Each structure stands twice: as C-alpha cells, then as structure tokens.
Amino acid sequence: MNQNNTNFGLVERPVWRTSGMPVLIINTLLMLGAIGAIVYGFIDGAGGNIVLLVLGFAYLLIPTWLFYGGLCILRPQEAMVLTLFGKYNGTLRGPGFFFVNPFSSAFKSEVGQPSTGAANITSTKPATATDEISKALASAAARKISLKAKTLNNDKQRINDLLGNPVIIDTVVVWRIVDTAKAMFNVDNFIEFLSIQCDSSLRSIVSQYPYDLPRDGQSEDKCLRSASDEVVTRLMEDIQTKVEIAGMEILDARITNLSYAPEIASAMLQRQQASAVVDAKQTIVDGAVDIVQMALRRLSEDNVVELDEERKAAMVSNLLVVLCSNADAQPVINSGSLY
C-alpha cells in the first residue's frame, strides 16, 4: 500500500541539462584528436606511441559515443521523461539542443501502439529500408511527449436519460498534459485512460437529465436540450477529477450530437409535433377570445346594436368558428330579420 501511494504521488520535476552545442563541438574535436593520435601512432611505429594508440582507441570506443548519446533536440511544446537506472530522473522541457546525463534514458510512451487486432496482423512482405527508417522515427517520436492541446472525439454513446429514453450523444473534449511524470508512470496509456473516463463521466451525467421537458410551461427542471451548458460544465469537472491522476488538464468540452435513438425517434417526433399543434391551437383560441371580447365591447360602447344574451352567444359561437377554423369560412347571408 505504501509503495502504491509513493508511485501515485510522483510529480514532475526538471532534469539537469546544459547546452548541447559546446558538448558537441568539444567532443567532435576530441574525437578528431583521437583519430589523429591513432594515425600518428601507426605511422610512427615507435614503442612510445603505443600509449597514443591505446588512448585514441579507448576514446573512440566509449566516451565519444557516450557523449553523443547525451545530446537531444526538442521542438516547441515537446517534453521528454528521463529515467536513470529505472528511477525517474526528471523531465526535459523547452525547445532547443541539450546535453543531459548520458546514462539516463527516455521513457518510451505506449501511446500510438496498436492495442486491438491490428497488432496481430502479420505481413509476408519483406521489410525495406524505408520501413526500418519509419520504425526508427516512430520509436524516436514515442520517446517525446507532446504538450500541445489535443482533441478527443469518442464514438457516439447510447445512454438512457432520466426518463429511461435511449438517446444518442457525442462529445468532443479538448485536453493537454501538464504533468509528464503522472502521465507516463501512473497510467499505461493516457489517451486510452482519458477516453474511458470521458465515456464514464458522460454516461453518469446524462442519466441525471431528461432529453426534453413537457410543454406545460410550469416545470422548473432542466433537460439536455435546454441545459447543455450546465451539462458540459459538470462533464468537464467530473472528467478533470478523474484524470488528475494522469497529469491532464481538461480545457473544453462540447456536445456535438444529441438525438433520440432510432427506434423511438419517430414516436418522439410525433409527440413533439402533437405538442406543437396543441401550443398553436392554444395561441389561436386565446387570440380568438380576445377578438370576440373586443367586438362585443365595441358594439356595446358605440351603440351599433343591442344584443340579448342568446344573440351574444350565437355571435360568439360564429366568431369562434370563423377564427379557430382550419379552413376558410363560408359566409351565409341572412335576408330575414335579426330576431
């Protein structure tokens, strides 16, 4: 238990480094001097020059390549995690040409290596020089960690909302690495780890909201359609809590797709259409009642005609039929008396 706590408590720290150009120049001059000493020893052939031969060969065999092995180049927004004899030595950050402890080695990330059936596919085609160079470049790239902001777009998720209706939802998460030590040593594959945590958080939060609310205008609850900002904020906070152990920072999250599952989409569309028709009818009836009230009041105020209650009821009925009908009204001319 103590060992686990120690590993998870690992945080990034800078590694010792110096400029690589002076080391490169000095080591190259010493290598040329060693070659010159070897050549001079062979040409001279004197017994005293055996020492020069030994020193020249000894420097070419060990120190030369050792110092060259400590040189490394980093581009902007790149980092390299270094280990020394199996222990975390530090992280090299910043663009430039550096010299580090030649006995340290860059920790190779597993990100980008196939984790599915693609790894088991074998090819009978013989490897070429281009293939070997590509493998070498991929291996070198795997030893460096990108600190740029990256986008994770998982597959669409099928989740049941608060009412049990299946919905299809898709999100895009923008993230970056802020602690390289945690990203390398606390999880095996930080991209796969982030993907799983995003799916888990999305499923947990979406299940707490209904897809849509009834159109009664009285509900104060929130739904996925109307409270997308709140859902995204909660999603970011939940993912950030889970990926803290991997040294990641969640910069942004957005819902890119939100819809009912195909098997209930048509039924929900009919429900929405019915709700829209009811809302439209309600608006029409409210407007028609206002118009009838205004007509009766104007007729009474201007003394145009005096109507008893029965005639008022007939007038109200006729006006409502005309105003609320879906088809044009057919007028009927009354040639007799009003009563």
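I began with the element count: the chain has ten helices and eleven strands. Helices (H or I, at least four residues) and strands (E, at least two) are DSSP runs, numbered from the N terminus. I note that the model is predicted, with local features needing pLDDT of at least 70 and side-chain atom pairs counting only at pLDDT 80 or more, while totals for chains, interfaces and linings use all residues. Residues are numbered from 1 along each chain as its sequence is written, and side-chain values use heavy atoms, with hydrogens and water left out.

**Entry 1: the whole chain**

I looked up burial and found that 29% of the 339 residues in the chain are buried. Buried means under 20% relative accessible area, exposed means over 50%, and partly exposed is in between (1.4 Å probe, protein chains only). I then looked up contacts, where contact means heavy atoms within 4.5 Å. Of the contacts between residues at least 6 apart in sequence, 70% join residues at least 24 apart.

I traced an open sheet of three strands, in the order 1-5-2 and with antiparallel pairing. Two strands count as paired if DSSP finds at least two bridges between them. Strand 1 (18–19) and strand 2 are the edge strands, each pairing on one side only. Strand 2 pairs with strand 5 (residues 96–99) over four bridges, in the antiparallel sense. I located Ile 73 and found its bridge partner in strand 5 to be Phe 97.

I asked myself how many of the seven residues of strand 3 are buried. Six of them are, so strand 3 is largely enclosed by the rest of the structure.

I went through its pairings next. Strand 3 and strand 4 are antiparallel and share six bridges, and Ala 79 has Arg 93 in strand 4 as its bridge partner. Strand 3 also pairs with strand 6 (residues 105–106), antiparallel over two bridges; there, Thr 83 has Ser 105 as its bridge partner. Two bridges join strand 3 to strand 7 (residues 145–146), again antiparallel, and Glu 78 is bridged to Ser 146 in strand 7.

**Entry 2: two positive phi values**

Gln 77 lies in the loop between strand 2 (71–74) and strand 3 (78–84). Gln 77 is not a glycine, yet its phi is positive, at about 60°. Its relative accessible area is 45%, so I put Gln 77 down as partly exposed.

Phe 85 sits in the loop between strand 3 and strand 4 (87–93). These two strands form a hairpin with two residues between them, and Phe 85 in the turn has a positive phi of about 55°. Is Phe 85 buried or exposed? Phe 85 is exposed, with a relative accessible area of 70%.

**Entry 3: helix 7 against helix 8**

I looked up how helix 7 (residues 190–206) packs with helix 8 (residues 228–243): the angle is about 140° and the axes are 9 Å apart. That makes helix 7 oblique to helix 8. Axes are lines fitted to C-alpha atoms, for helices over the stretch in contact, and angles run from 0 to 180 degrees between N-to-C directions. Angles under 35 degrees count as roughly parallel, over 145 as roughly antiparallel, 65 to 115 as roughly perpendicular and the rest as oblique.

I listed the residues that meet, including Phe 193, Leu 194 and Ile 205 in helix 7 and Val 231, Leu 235 and Ile 239 in helix 8. By class, this contact of helix 7 with helix 8 has nine nonpolar, three polar and three charged residues. Ala, Val, Leu, Ile, Met, Phe, Trp, Tyr, Cys and Pro count as nonpolar, Asp, Glu, Lys and Arg as charged, and the others, Gly among them, as polar.

I found Ile 168 in strand 10 (residues 166–177). Ile 168 is buried, at 16% relative accessible area. Not counting residues up to four places away in sequence, Ile 168 touches several residues, among them Lys 156, Arg 158, Leu 258 and Tyr 260. Pro 262 is 94 residues away along the chain, and the C-alpha atoms of Ile 168 and Pro 262 are 8.8 Å apart.

Glu 249 is in strand 11 (residues 248–260) and is partly exposed, at 26% relative accessibility. Leaving aside neighbours within four places in sequence, Glu 249 is in contact with Val 174, Trp 175, Arg 176, Val 178 and Gln 240.
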